[in-house]
Amino acid sequence: MPFEELNIQAAIINHTVTGKLPAIREDADLSHVLMLCSLISECWHLAPGKRIDVSAFQRKIGLLVSTLMQNDRIGAGLSTFLKPSVTPSGAESGYGGQKERSALLLLQLGQTCSLQGDIGSAMSYYQSAMDIATRTGDEFAKGNALVLLGRGYSLECKYAEAEQVLMEARDLYSRRGDEDGIGVALAELGSIYSKQARYSLAEKALSDAHQMLSRSGNDLGAAAALAHLAYIHIFNSKYVEAEKVCIIAHGLGSRNGDDLGCANVLSHLGDVYRAQSKYCEAEKVLLEAHEIYSRIGNRNGAAGALRGLGNTYQMQSRFQEAEKALNDAYEAYPSDINSLNVGSHFHSLGVLYQDQARQNEAEVCYRQALAAYDRAGSVGMRARTLLALGTLYTDQARYSYAEEVTAEALAIGISLDADRPRCIAHLLLADIFAPQSKRTEQLESLIQVEGLLARVGPPEIHAATLARLGCMHEEEGTYVEAEESYRHAQLIFLSMKDAGGEAHVLFRLGSLYVRQYRHAEAEVCFAQARVAYAMVADEDGEAKALDSLMRAYAFQGKFDDMKVAWMEGCE
């Protein structure tokens, strides 16, 4: 409450009349008032034509009352709209009706406690509500209680318990044929799986949730499910799909006056654009997201947007701006900042320092991030930082340390059945084994990662890995496997219209044929490589291919062709 530290009425009056009002932005319990202030400002706009209409006001005020504003950026935005209790058949007494109303009241009290950060009290209210709903046969209230319990367990990082109650909620709604309820339960399950880095399960749950919520007419829920899905696509490097669902989700949120949902989607779009090196677009949407978060008083979201800006500046080597944005983000978090956000801050700062060759500072930051993720119980995020630390140790030639942390990240990826950390870990292990001449281990790592990349991509990394695998097979004298790897890589580069990648693989394939005295086939590869190098204006590559082509002609006694090629090279 405002002025809770004062117990004298005269002191409160003096604070009020002299303008010593509570700093809303500095108080986590009062910051949500900014959402209401923003809404009132829209009603009082000086230009009548720009004032909010009645239907939009109704939607926004409903969001203010019913939305559970969760602490993490990924989980925010999916609201559980409590369904009205319906007195079941045979429970018509006043006593029964009172019990049903009590269950709904307890759920609303629980949501109030959750907004204030008192998860323990919230969970107690949710459990009491479920007990009452179970005794009175009120399945509507029971379903809501199960969903809110699942969300509470998730905030406490008790993911197994969260999954159990959410599955129970999904099954309850399924028996009743309630598509809206099924969609909400599935969306919450998708959020749980995402936090555990179980991305294939998360993608399936969120896709199904979006379909259910769209059919039931729950636009806000459908938009939130899409926002969750965009995060999964980003993590799996599916940027086209991520951008598509973000744009759809933003449209749904805008039409329904969901400022928080729009800001969340804009943050995701910033991640998409940054991953595609579209830095101007990323900066624009992240600044817009930051403005919305600040206006509605969501400090966690505003800080997350600043962190995204810092990462965007870092990718452009704008290191001073990046460090300032990251530190501003850390300062912008509420005083009760959760451990996940602490971990993300120090991870981003570690990457920034590593890019500037400030390796000791980077290692300290990564260690702080790991400690924060341990407190939060987030093994998926721990794996991400372990891989960054493994890269740092590899750059420092501290191979035993690098192998240790990378092996731990790989074990986490395997336990979570998460493809991306497994791919990165296998590639990093191959880099660790190479300078130590551990060829058997290096080859095994590349074979493992190629199998994963064939299934999940991205294609450019898959093709590069195949080319690298081909080189290793060639050096080992296993020419059949080398040829197969090179041909597969060439097809991928060709499908991507990557002439530079295709030229490199064709040259390697030609060299392999020379080793086997297959000069006619080598001739074809070198000729094609020469053309491909020319397409990307790689003069050194083109000259190298021409030199090898003339050698192939010489081996076959094609001296006239050799002369023509030499003259073309002199032009």
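Select C280 to begin: in this predicted model, the C280 residue is exposed, at 65% relative accessible area. Now jump to C365, which is buried at 5% relative accessibility.

S317 sits in the loop between α14 (299-315) and α15 (319-332), and its phi is near 65°, a positive value in a residue other than glycine. S317 is partly exposed, with 48% relative accessibility. Then pick K497, in the loop between α23 (479-496) and α24 (499-515). Phi of K497 is also positive, near 60°, and K497 is exposed at 79%.

Time for charged pairs: the whole structure holds 26 salt bridges. Show E363 and R398, whose side chains meet at 3.3 Å, N to O. This pair links helix α17 (residues 359-376) to the loop between α18 (379-395) and α19 (399-416), 35 residues apart. E363 is buried at 17%, while R398 is partly exposed at 27%.

Move on to R439 and E475, a salt bridge of 2.7 Å, N to O. Here helix α21 (residues 439-456) is linked to helix α22 (residues 459-476), with the partners 36 residues apart. R439 is partly exposed at 31%, and E475 is exposed at 51%.

Last stop: E523 and K558, bridged at 3.0 Å, N to O. E523 lies in helix α25 (residues 519-535) and K558 in the loop between α26 (539-555) and α27 (559-570), so the bridge ties together parts 35 residues apart in sequence.

Notes. Residues numbered from 1 in each chain as written. Predicted model: local features only at pLDDT ≥ 70, side-chain atom pairs only at ≥ 80, totals over all residues. Heavy atoms only, no water. Buried < 20%, exposed > 50% of the residue type's maximum accessible area, 1.4 Å probe, protein only. Helix = DSSP H or I, 4+ residues; strand = E, 2+ residues; numbered from the N terminus. Salt bridge = Lys/Arg side-chain N within 4 Å of Asp/Glu carboxyl O.
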